[in-house]
Amino acid sequence: MKKKINYNLLVGGILAGGMLLFILIGCFVLPYDPEAMNDGLRFARISPAHPFGCDNFGRDIFTRVMVGARTTLVVALGTVAIGAGAGTLIGSVTGYFGGWLDEVVMRVNDALFAFPSILMALVVVSLLGSGKYHVILALGIAFIPSFARVVRSQYLKLKEMDYVKNARVFGCGHLRIMFVHILPNTLGVMVPTVMIGFNNAVLAEAGMSYLGIGVQPPDASLGRMLSEAQTYLFKQPMYAVFPGLAIIILVLGFSLLADGLGEK
Amino acid sequence: MKKRSISMLLAVVLTLALALTGCSGEKQGESTDSQITIGIPQDVEESLDPHEAVAAGTEEVFFNIYEGLVKPDSDGNLLPALASDYTISPDKTVFTFTLREGVKFHSGKELTVEDVVYSIKRCSDPDDAVRLKAAFTSIASIETPDDKTVVITLTAPNADFLCEMDCPIIPATNESPSTVSDGTGPYKFVSHALQENFIVERFEDYWGEPAHIKNVTFKVCANPDSIVMELNSGSIDMFARVTSTQAAQLNDDFNVLEGTMNLVQALYLNNAVKPFDDVRVRQALCYAVDKQYVLDMTSDGYGTPIGSSMFPAFGKYYMPELADYYTKDIDKAKQLLADAGYEDGFTFTIKAPSNYTQHVEAAQVVADVLKEINVTAKIELIEWETWLSDVYAGRDFEATVVGLDASNLAASSMLLRFNSDSSKNFINYNNPDYDAAYARAEASTDEEARTAAYKECERILTETAANVYIQDMAEFVALNKKYAGYEFYPLYVQDVAKLYIVEE
Amino acid sequence: MLEIRDLNIEFHDHSVPETVVYDFDLSMEEGDIVGIVGESGSGKTMSALALCGLLARHDMEKKGKILFEGKELLTCSRQEMRALQGKEISIIFQEPMTSLNPVKKIGWQVEEALRLHTDLSKEECYERAIWALREAELAEPEKVYGQYPHELSGGMRQRVMIAAAIVCKPKILVADEPTTALDVTIQAQIIKLLLKLNEEQKTAILFISHDLSLVRRLCRRVVVMQNGYIVEQGDVEAIFRSPREEYTKRLIASIPSCDRGKQEKDLDGALEVFRAEDIAAGYRASDGLFGKGVEKEVLKGISFSLKKGEILGLVGESGCGKSTLAKIIVGLKGDYRGRLTGAGKVRMVFQDPYGSLNPAKSVGWLLEEPLRLQGGLSKAERHRMVLEMLKKVGLEESIAERYPRQLSGGQRQRVCIGLALMSRPEVLVADEAVSALDVTIQAQILRLLAQLRDEMGLAILFISHDLRVVYQICDRVMIMQDGEIVEEGTPRKVYFEHSHPYTAQLLEASGVFG
Amino acid sequence: MKYVGKKALTMLLTLLLVSFLVFLCFTVIPGDPAVAKLGTEASPEALETLREEMGLNRPFMVRYTDWLLSFVRGDLGESYSYESSVGELLVDKVPITITMSLMSMLMIVAVSIPLGLYVAHHEGGVVDRVIYAVNQVIMAIPAFFAGILITLLFGIVLKLFVPGGYVSYSKDFGAFLAYMVFPSMAIALPKIAMTVKLLRSGMIEEKKQDYVRTAYSRGNNTKGVLYKHVLKNAMLPIITFLGMTFTDIIAGSIVVEQVFGIPGIGRILLTSISRRDYPVVMAVIVCLAAVVIVVSALVDLLYQWLDPRIRLEDKA
């Protein structure tokens with residue numbers, strides 16, 4: 001099995017690393033202004049000057065994918081941060097202490113789980129207005145249940161271990177046990193879950209932009225570009241292909257990385 | 001081994017389903033008599049009662065089923081319909097209609113004066129919120145001297161009252177008009193599958209010139225992005241209001257007919273909010289936005305630039321010269337901004353309804369153009385419902401891009417809203433000269449004087465740059481080459497009766 | 001019948017090929033009973049698995065010859081090998097808990113060999129399976145036939161394994177440490193069962209174990225292995241009476257002996273550090289949503305006292321409540337009746353070395369934890385005390401940087417003891433502290449405990465199910481059965497002049513005198 | 001039986017919580033159903049009378065309890081934007097979404113289980129690695145992008161189906177099924193990839209267990225061990241996963257209905273949300289949540305029925 005492991009890590013690393021590099025460059029230097037419209041270049045074909053061609057406003061798709069990928073990355077990372085952070089907190093407390101608290105929180109968790117994330121997003125967006133950071137908050141909240149479940153099952157298992165009992169015998173406080181003793185041992189399961197969470201966040205952001213409640217124009221996110229591109233599918237198929245490809249590479253890279261890490 | 005056989009069985013079922021698709025790929029069977037499938041963006045409202053219809057999409061379809069005493073034609077004139085002719089008293093308060101002979105309802109019942117009185121009374125009951133027609137509140141009395149004439153007397157003179165008389169007439173004997181459809185139009189109702197389709201069929205003994213095509217299916221295509229696919233695949237034969245880009249992607253079994261959408265698209269500015277309370281700032285924006293550039297970017301140059309709240313289809317009221325009142329002049333714009341105290345520009349937010357791609361794209365182009373006079377416009381997409389309650393009703397916005405159409409052929413439907421005290425004045429426009437000019441138009445009985453007064457209103461709107469007017473958008477109708485005879489109307493109407501099948 | 005000549009097994013899994021078994025020779029006749037003895041990692045299991053054809057993994061290099069009734073097993077085709085597996089050669093494993101398929105009925109699994117190798121009808125298979133279950137001395141074979149593995153105890157499951165193995169009347173039965181995970185009394189029954197099968201069925205038995213005394217009671221010939229090599233081979237009694245190789249001598253010496261002449265430490269003078277008065281406790285088995293559930297009594301009034309420097313042994317089979325008592329004394333279980341008095345701190349060492357050290361932290365960090373909690377010590381002082389403790393439990397200072405998973409079982413247990421002693425406890429509870437270790441390492445840990453008891457004046461409550469270990473190290477012994485102390489006294493008095501029948505049964509089963 | 005009682009109670013509790021959350025959301029979202037119904041031309045007085053009629057001015061808790069009481073009695077209330085009651089509205093839309101969900105579930109089970117078994121059987125082979133890579137890519141495709149690709153490939157290029165040519169089941173059931181295959185495929189594709197991957201890792205994990213070694217020792221060949229012993233154990237986690245997948249399928253159908261122009265529950269939900277038609281949205285979401293919760297409960301019971309270890313515990 002040895003040869004197979006680094007195969008995953010290798011390909012995953014290249015794809016994810018490539019994407020991150022692509023985005024990083026985008027932070028400093030952009031070939032064109034992503035929002036500059038240019039009447040002459042509308043639906044321009046792929047050319048050396050415009051490697052990905054131009055969209056319906058004559059904006060350079062290559063630059064917009066670069067900026068779009070950054071927005072999608074920021075949204076996905078933000079979502080995972082909120083989801084994982086709050087999820088770990090809730091999961092650890094309910095898993096470790098159990099009792100009626102666990103019962104109540106789990107019921108709320110199930111309710112959130114069965115709740116369509118679109119409505120949740122709509123509430124947050126209408127409450128605070130649209131924009132990147134509100135999308136992050138909306139998706140973050142929708143991701144808490146799945147993280148909480150994973151962390152809770154880990155804590156249920158690990159709190160029975162002897163070294164936890166030993167720590168209690170020393171008079172170690174509950175909080176210290178939860179976050180100093182037990183938490184590091186959950187990383188083995190947490191890392192792949194975070195990666196999968198990241199992928200779902202990217203796909204969810206794309207879905208939300210498609211339904212029109214995600215990131216607002218003229219900002220670009222891969223999901224928004226994809227939904228706009230669908231109207232011009234026959235005239236400029238490239239406009240849909242490149243953002244779609246960027247999403248796939250980003251998600252593929254991170255899921256392979258998750259598998260590679262998981263198997264090591 | 002049990003598990004293994006189950007999964008094999010399931011696989012067989014799947015391949016069977018796939019095979020099924022192969023054989024039913026071609027169109028669903030050619031029926032002998034003529035038929036057409038027309039795509040519509042929103043579903044028709046469920047109630048079949050014409051007086052309850054609110055959405056433009058519903059009135060557009062009901063035009064083929066129900067008719068009023070008079071009926072608009074494609075040039076915007078009102079022709080006699082259920083009334084063979086009509087006379088209006090000189091002081092515009094008494095309207096006399098004589099009923100046309102031998103008009104039948106779809107149910108076969110004869111049209112009588114009772115039906116006319118019943119229908120009009122139904123729409124003038126003040127506490128019936130849904131059916132009330134605002135203009136009917138000024139009706140003093142309706143009499144029927146004999147079984148052929150109806151006389152309506154108003155409490156105050158109203159020259160445009162005739163435009164209201166396209167109000168649909170339905171039989172008094174129909175107990176539940178919302179579920180049983182009985183009109184006098186060229187087509188009669190067959191069936192309505194919610195969010196799916198609305199089917200009508202030719203009414204054989206129609207009083208006027210009968211329709212050409214027998215069966216008509218209005219198919220709901222909610223997803224704007226898949227319209228091109230559905231047209232190209234032949235699942236729909238006609239779709240009104242496609243955008244220029246969509247029209248460009250159609251294959252060659254389609255003719256693309258060009259007309260106008262008959263609405264005023266503009267960057268509507270909230271005149272009560274800083275900095276748009278200063279006329280110089282509004283004028284600066286008008287000087288900065290080059291109308292033709294917006295047209296080029298959003299609809300390949302199609303569409304008619306306009307300068308005020310009126311569009312060409314209104315014929316005598318439209319003033320083409322206003323369109324060029326403001327031509328692109330960056331220096332003048334900057335100068336105006338400096339005078340108003342905004343040398344280094346300012347930032348504001350444009351709220352645009354997310355479901356109208358044409359307005360969203362126009363907003364983006366305007367935002368890009370305004371950068372030249374370092375004014376930054378941020379765009380916020382909001383849902384149509386939120387636009388209705390926050391922007392239109394709540395007036396909680398700085399600027400918005402939307403298209404306002406006319407509910408009927410009266411000039412007032414476009415200009416009433418800019419009176420300072422009007423409940424529909426969502427841009428908080430406040431100009432005493434405008435109010436005076438509008439009052440003059442309402443009061444005058446002589447046609448020339450009224451038209452001159454309305455034109456004065458339009459000039460004031462343009463001079464005071466109430467809004468940054470852009471265009472009356474081009475309307476493209478994709479019509480399969482098999483059909484012809486489509487006519488553009490100034491109102492939101494699809495006259496299917498005129499369509500016919502071209503014999504090869 | 002069976003000829004294995006200079007069998008060599010090499011692993012190609014890791015980068016450098018690692019040889020596991022070097023020129024292993026063995027011959028067995030009809031009805032023979034041969035034992036293979038050696039510590040973990042000595043290659044005893046590998047050679048047995050090779051015999052059964054279970055080492056088919058592609059990255060294993062097998063050289064040499066295995067002749068079974070003239071057929072060469074190493075080079076024959078997979079079909080030929082499969083024809084023998086379960087029919088002529090069958091095997092039973094160490095872990096009865098996991099060696100049976102959890103989701104299939106017992107009867108179905110026992111009949112599997114029949115279905116593969118014979119064309120008996122369904123009824124005949126059923127009859128044969130019931131016969132096999134009865135042969136394995138299971139109480140109601142018909143009932144067991146329909147049950148699932150998790151519904152049986154460890155002992156019963158091992159009997160089912162044996163039934164499944166003998167159902168085709170094989171010529172050789174390989175037993176890979178079948179009794180290690182079982183209690184002493186059940187262990188004795190399994191050994192007797194194997195002997196009966198050997199006589200009645202004439203099945204040859206290849207018995208693999210790390211427990212020399214067990215091999216002595218069952219086998220006629222024995223093979224001693226170390227790191228893949230055969231160290232010594234021959235008749236059991238000869239090997240025991242006069243071992244030739246150094247390693248065999250050390251193995252035999254490390255078996256705790258129970259000779260009468262053990263000198264006893266007089267403790268009358270020592271002051272009492274801990275006293276427990278009729279401790280009783282139980283678990284509430286909740287049987288439903290709101291049902292209060294019945295209270296299962298586990299401890300029914302236990303009293304004992306511990307003096308400074310005394311090692312008190314507590315012996316009992318699994319389920320008698322000794323772990324619950326340990327939890328109560330250490331303070332992990334709050335709801336109990338009775339009184340505990342004792343000024344000093346109480347610390348504990350657990351049985352499973354893998355579970356009792358936090359895998360995510362370095363050994364140094366773990367040892368420092370109790371000091372951090374006490375507070376009042378600078379980082380340097382704490383570090384010094386950690387190194388000092390490592391030396392005290394016989395480990396080099398470099399161990400501090402290593403992680404638990406990089407240590408051997410013995411090293412880990414030393415770290416656990418060090419961890420328990422960091423806060424200078426008066427009382428140390430050792431719950432089965434050595435039962436998971438190999439015999440030689442077990443002896444070292446016991447010596448360490450005795451030495452620490454003297455140096456630090458510790459009182460140790462030594463819990464175990466192994467009578468021989470208890471006899472060797474403890475000053476006083478208590479025998480426990482179903483939550484009650486049935487016998488108490490000095491090891492010599494309890495082992496040789498016991499009064500309670502249960503004590504006699506335990507002693508006889510563990511072959512202390514055999 | 002006690003366990004089932006407890007499960008039913010928790011299900012009801014969760015359902016109640018979901019309905020409360022949805023109602024709360026709607027009081028927060030701007031937009032007024034009265035305006036939605038009467039349009040922009042309506043006068044403020046008309047709007048006020050309609051609001052009164054709809055009972056929108058009553059306090060929040062009163063409206064929620066009224067809705068709850070009528071919901072429990074099975075009356076889903078009157079839709080604001082449509083004339084008919086919510087019940088009639090949904091009764092012919094539900095079968096569409098249910099068919100689509102069942103078809104994608106069928107596809108998932110029919111394709112992923114044999115594929116998963118095959119891959120686990122030939123672990124490490126070329127086929128295994130190829131399928132592994134393909135799986136990863138498919139999992140990375142967003143549902144609606146898959147929808148677009150399928151429409152392009154099967155609709156326009158291969159002309160296997162007419163994009164947008166949805167035929168209602170009442171008219172022509174065969175054509176209805178034929179059309180529904182493709183949206184179901186768009187939903188099922190990523191799920192198939194996940195199930196294959198899960199089944200494969202599950203099987204490989206089970207292969208390391210001791211009872212497999214015992215099975216080999218009895219003379220079983222690799223195929224026999226895989227199907228007779230390992231499969232049933234590896235299937236357990238798959239069943240829980242399939243239970244959870246069912247909830248994703250329903251969520252996925254909302255987006256895919258948009259791409260394929262299918263008038264199912266998803267479209268009604270979206271139009272009703274944008275029209276602020278509370279009764280319809282409440283009914284759809286609570287029913288969806290109910291289906292989700294019931295399915296996960298069924299999966300639990302199925303899991304218990306299959307795994308004897310758990311079944312025994314609740315009897316003791």
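Mentor: What follows starts with chains D and A and then turns to other parts of the structure. Keep in mind that this is a predicted model.

Start with chain D on its own. The C-alpha trace of chain D spans about 85 × 60 × 35 Å along its principal axes.

Now the interface. On the chain D side 38 residues are in contact with 40 residues of chain A. Between the two chains an area of about 3,400 Å² is buried, and carbon and sulfur atoms give 81% of that area. Which elements of chain D give two or more residues to the side that touches chain A? They are helix H1 (2-28), helix H7 (126-139), helix H8 (143-157), helix H9 (173-207), helix H11 (222-260), helix H12 (265-274) and helix H13 (278-306) of chain D. H1(D) gives the most, with 10 residues. By class, the side of chain D that touches chain A has 30 nonpolar, four polar and four charged residues.

Next, the other chain pairs and the salt bridges. Of the five pairs of chains in contact, chains B and D share the most contacts. No contact joins chain B and chain C, and their closest C-alpha atoms lie 14 Å apart. Over all chains, a search of the whole structure finds 56 salt bridges. One example is the salt bridge of Arg450(B) with Glu447(B), where the closest N and O atoms are 4.0 Å apart. Arg450(B) and Glu447(B) are three residues apart in helix H14 (residues 447-463) of chain B, so about one helical turn separates them.

Chain C brings in strands. Six of its strands form an open sheet with mixed pairing, in the order E15-E16-E17-E13-E18-E19. Strand E15 (346-349) and strand E19 (484-489) of chain C stand at the edges with a single partner strand each, so one side of each has no neighbour in the sheet. On average, neighbouring strands of this sheet are turned by 20° against each other, direction ignored. Within the sheet, strand E16 (residues 427-431) and strand E17 (residues 459-464) of chain C pair in the parallel sense over five bridges. Leu428(C) has Ile460(C) in E17(C) as its bridge partner. Helix H18 (residues 501-509) of chain C packs on the sheet, touching strand E13 (311-315), strand E18 (476-481) and E19 of chain C. The direction of H18 makes about 100° with that of E18(C).

Chain C also has a hairpin, formed by E9(C) and E10(C) with two residues between them. Strand E9 (residues 221-226) and strand E10 (residues 229-235) of chain C run antiparallel and are joined by six bridges. Met225(C) stands opposite Ile230(C) in E10(C). In the turn, Asn227(C) has a positive phi of about 45°.

Technical notes
Residues are numbered from 1 along each chain as its sequence is written. Chains are lettered from A and ligands numbered from 1 in the order in which they are written. This is a predicted model: local features need pLDDT of at least 70, side-chain atom pairs count only at pLDDT 80 or more; totals for chains, interfaces and linings use all residues. Side-chain values use heavy atoms; hydrogens and water are left out. Contact means heavy atoms within 4.5 Å. Buried area is the accessible area (1.4 Å probe) that two parts lose on being put together, summed over both. Helices (H or I, at least four residues) and strands (E, at least two) are DSSP runs, numbered from the N terminus. Ala, Val, Leu, Ile, Met, Phe, Trp, Tyr, Cys and Pro count as nonpolar, Asp, Glu, Lys and Arg as charged, and the others, Gly among them, as polar. Two strands pair if DSSP finds at least two bridges between them. Axes are lines fitted to C-alpha atoms, for helices over the stretch in contact, and angles run from 0 to 180 degrees between N-to-C directions. A salt bridge is a side-chain nitrogen of Lys or Arg within 4 Å of a carboxyl oxygen of Asp or Glu.
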